[in-house]
Amino acid sequence: MMKLSNISKIYKSGKLEVPVLHDINLEIADGEFIAIMGPSGSGKSTLMNIIGFLDSPTSGDYELNGEKITAFHENQLARLRNKHIGFVFQQFFLLPRLNAIKNVEAPLVYADIKKRERIIRAEEMLAKVGLADRTRHLPNELSGGQKQRVCIARALVNDPEVILADEPTGALDSKTGLQIMELFTQLNEEGKTVIVVTHEEEIAAYANRTIFLRDGVITEERRLDV
C-alpha cells in the first residue's frame, strides 16, 4: 500500500520558486493497475518521481506499507527503489555496449547477486517477455518493441512489488504499444501493482483506475466498472 498525504513539490532556482504539485492525496493498493494522466506541465512526471522514490516532496507525508518514508536519506531510498520498484521509461535507457542479458542483469549487480544467479534470473525474465532468442543482441540490433521488452525484463528482474512506467509506449508504433500494454496487463493479473504515466486515453483504458492531473492538482478520478 502506498499512501501520499498532502504532498506538495516546489522547485527552487535561486530566489525563484516553481510550485509543481499542490496538496496531493492518493492511495494505491497492492495489485492495482493505475494510470496517471495529464497534459504536459501537469506535474505527472514529478508525481511519478515521488512515487518511485526518485524525488522527495517539499511537504506532506508518504507511507509505504504503513512505514513513513518521507524523511528517509538517499541511501535508504535507493534500497527501497531497488527492492520495491521496477522502472520502465519511454526512452529505454539501455546501455548500448551491453547485450540484452547484460542490460537486464544490471540491477542485480547493484543488489550484489552472484554472477550465475544473475544470468539465470535475467534469462528467465527475457523469456517471460518473449525474448529468449534475443539475449545476446545489442540494443541497436533490436526493434523499438524489443528494446521496451528488455526494459520490462530489467524492471522485473528484482521481483519488485510495483512496476512504474513513464510513457512506456511513447516511442513505439500503435500496434507495438498495444502489445506492451497487454504485457503490463498480464503482469498485473499475476499480482504486480502497475502504475502507468500517460497522456493517451487508449493507454489509460487498460488501467482499472485513472487519476487526472492538471496544474499540479488531482482534478478527477475514474474507476473502471467491472
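Contact here means heavy atoms within 4.5 Å. Helices (H or I, at least four residues) and strands (E, at least two) are DSSP runs, numbered from the N terminus, and axes are lines fitted to C-alpha atoms, for helices over the stretch in contact, with angles running from 0 to 180 degrees between N-to-C directions. The model is a predicted one, so local features need pLDDT of at least 70 and side-chain atom pairs count only at pLDDT 80 or more, while totals for chains, interfaces and linings use all residues. Residues are numbered from 1 along each chain as its sequence is written, and side-chain values use heavy atoms, with hydrogens and water left out.

To start with the sheet around β1: this is an open sheet of 4 strands in the order β2-β1-β4-β5, and the pairing is antiparallel. Two strands count as paired if DSSP finds at least two bridges between them. The edges are taken by β2 (16–28) and β5 (67–68); each has a single partner strand, so one side of each is left without a neighbour in the sheet. At the β5 end, β4 (residues 59–64) pairs with β5 in the antiparallel sense over 2 bridges, and L64 has E67 of β5 as its bridge partner. Helix α1 (residues 44–51) lies across β1 (2–13), β2 and β4, and runs at about 120° to β1.

Next come the helices α4 and α5. The axes of α4 (residues 115–128) and α5 (residues 144–156) come within 9 Å and cross at roughly 130°. That makes α4 oblique to α5; angles under 35 degrees count as roughly parallel, over 145 as roughly antiparallel, 65 to 115 as roughly perpendicular and the rest as oblique. The crossing is right-handed, a label used if the near helix is turned clockwise from the far one by less than a right angle, and left-handed if anticlockwise. On the α4 side the contact is made by M125, L126 and K128, and on the α5 side by V150, A153 and L156.

Strand β9 (residues 209–214) has 5 of its 6 residues buried, so it is largely enclosed by the rest of the structure; buried means under 20% relative accessible area, exposed over 50% and partly exposed in between (1.4 Å probe, protein chains only). With β3 (residues 33–37), β9 pairs in the parallel sense over 4 bridges, and M37 stands opposite F212 of β9. With β10 (residues 217–223), β9 pairs in the antiparallel sense over 6 bridges, and T210 has R222 of β10 as its bridge partner. The β9 and β10 hairpin has 2 residues between the strands, and D215 takes a positive phi near 55° there.
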